[in-house]
Amino acid sequence: SLRLLRLADTFAGTVSLAVPGREDYAPQLSQDGARILFLSRPLDSDDPQAFVMESGGTGRRPVTAEPEGIRAIAFSGNGQAAWALTRTGRVLHIVLDTGETRQVIGPVPAFLTGDTSGGLGQILTPAASVLPGDELEIEGIATPLLKAGNGAVTFQIPWDLEAYTTYMVGLRPREPTGWEGGTLRLVPTVYAPWFVRHPNLPDFALAAHGDFSALVTPENPARAGEIVHLYAQGLGPVDPPVETGQPAPVAPLSQAAAPVRCFVPYGQPSGDLPVELFYAGLAPGMIGYYQISVRLPGSVSPEYFQLNCELALPYTYGFGARLAVQP
């Protein structure tokens with residue numbers, strides 16, 4: 001919490017200025033001692049912003065509301081203005097009495113989050129500030145950047161990284177600026193399987209009908225006994241391997257090296273109901289996405305049922321999602 005030491009002829013002590021639910025840090029006192037400038041973030045999120053208040057603890061208020069958050073702050077000499085450095089490298093000048101904010105230096109490439117992990121070959125989309133032409137690098141080595149914009153970047157975890165090792169991921173500006181912005185600590189794993197969710201139906205798996213004519217949705221459900229194609233990530237190494245950033249080939253198919261089995265949990269009195277598996281491997285023509293093709297059971301009830309799969313390794317990696325099915 002933020003604490004203020006007050007010294008006077010009749011009083012010497014520590015007064016807590018903490019606010020429930022927030023963490024205050026990096027306080028600065030104006031030269032005349034009248035104001036305190038500090039950073040504050042909610043305890044349940046990573047959103048640091050600049051705040052100001054009178055040295056007695058009154059008049060607390062935010063002076064920034066930048067979506068990328070504030071990295072550092074500084075008072076002007078007389079305490080009437082402040083400078084703020086955002087986590088994307090923007091420098092702001094703020095008049096504290098009026099709230100007038102002026103950008104002095106524009107954004108530069110930087111990640112807005114600090115840590116992430118995922119299976120080898122997995123697609124990641126962390127929040128970041130990027131400009132056209134910026135590049136991605138992992139430990140100083142250029143890595144393909146699949147997509148950039150709308151406050152995020154998309155890239156594939158290289159297949160050839162060492163699992164369970166920490167790598168520093170950075171964004172290289174198209175023009176040298178001397179700026180070293182926020183980096184991303186990446187810890188790749190061998191396996192991190194999960195079904196991709198439908199973009200508009202997060203409770204349901206992203207799946208296509210047997211002829212790939214349309215996606216499976218509650219309005220267009222799969223039929224009992226139909227072959228459906230589900231999409232997943234994190235199933236691990238494939239054979240034959242595919243180069244990082246390149247689409248999976250149509251022939252030969254890159255199949256998952258780890259054995260995969262799928263089933264409907266507790267589908268019969270004796271236990272799980274096995275589901276016939278036709279293919280588990282990289283989705284042809286896509287980067288980093290796997291395709292799991294199965295035949296649904298001949299009779300399905302209710303309309304929405306859970307399909308589970310697992311990598312049959314010494315350690316079981318299970319994952320599942322719901323499907324919309326017409327009984």
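User: How many bridges join β15 to strand β16, and in which sense do the two run?

Analyst: This is a predicted model. Two strands count as paired if there are at least two bridges between them. Here β15 and β16 (residues 141–143) are joined by three bridges and run antiparallel.

User: What do β15 and β16 form, and which residue in the turn has a positive phi?

Analyst: The two strands form a hairpin, with two residues between them. Glu139 in the turn has a positive phi of about 50 degrees.

User: To which strand do four bridges join β15?

Analyst: That strand is β19 (residues 167–172), and β15 and β19 run antiparallel. Glu137 has Gly170 of β19 opposite to it.

User: In what order do the three strands of the open sheet stand?

Analyst: The order is β13-β18-β17, with antiparallel pairing. β13 (123–124) and β17 (145–149) are the edge strands; each has a single partner strand, so one side of each lacks a neighbour in the sheet. Between β17 and β18 (residues 152–156) there are four bridges, again in the antiparallel sense. Within this pairing, Leu145 has Phe155 in β18 as its bridge partner.

User: Now a residue in a loop. Is Thr64 buried or exposed?

Analyst: Thr64 counts as buried because its relative accessibility is 8%, and the cut-off for buried is under 20%. Thr64 sits in the loop between β6 (61–62) and β7 (70–75).

User: Which residues does Thr64 touch, leaving out those up to four places away in sequence?

Analyst: They are Gln49, Ala50, Ile70 and Ile94. With Gln49 there is a polar contact between the two side chains, at 2.7 Å. For Ala50, the backbone nitrogen lies 2.9 Å from a polar atom of the Thr64 side chain.

User: Last, the surface. Which residues make the nonpolar surface patch of about 260 Å²?

Analyst: The patch is made by Trp83, Val104 and Ile105. Trp83 belongs to strand β8 (residues 81–86). Trp83 counts as partly exposed because its relative accessibility is 36%; a patch residue needs over 30%.

Key. Residues are numbered from 1 along each chain as its sequence is written. This is a predicted model: local features need pLDDT of at least 70, side-chain atom pairs count only at pLDDT 80 or more; totals for chains, interfaces and linings use all residues. Side-chain values use heavy atoms; hydrogens and water are left out. Buried means under 20% relative accessible area, exposed over 50%, partly exposed in between (1.4 Å probe, protein chains only). A polar contact is a pair of N or O atoms within 3.5 Å; within protein, one must be able to donate a hydrogen and the other to accept it, and residues adjacent in sequence count only if both atoms are side-chain atoms. Contact means heavy atoms within 4.5 Å. Patches are made of residues with over 30% relative accessible area and no salt bridge: like charges are joined within 9 Å, nonpolar side chains (Val, Leu, Ile, Met, Phe, Trp, Tyr) within 5 Å. Accessible areas come from the Shrake-Rupley method with a 1.4 Å probe; for residues, only the protein chains shown count as cover. A salt bridge is a side-chain nitrogen of Lys or Arg within 4 Å of a carboxyl oxygen of Asp or Glu.
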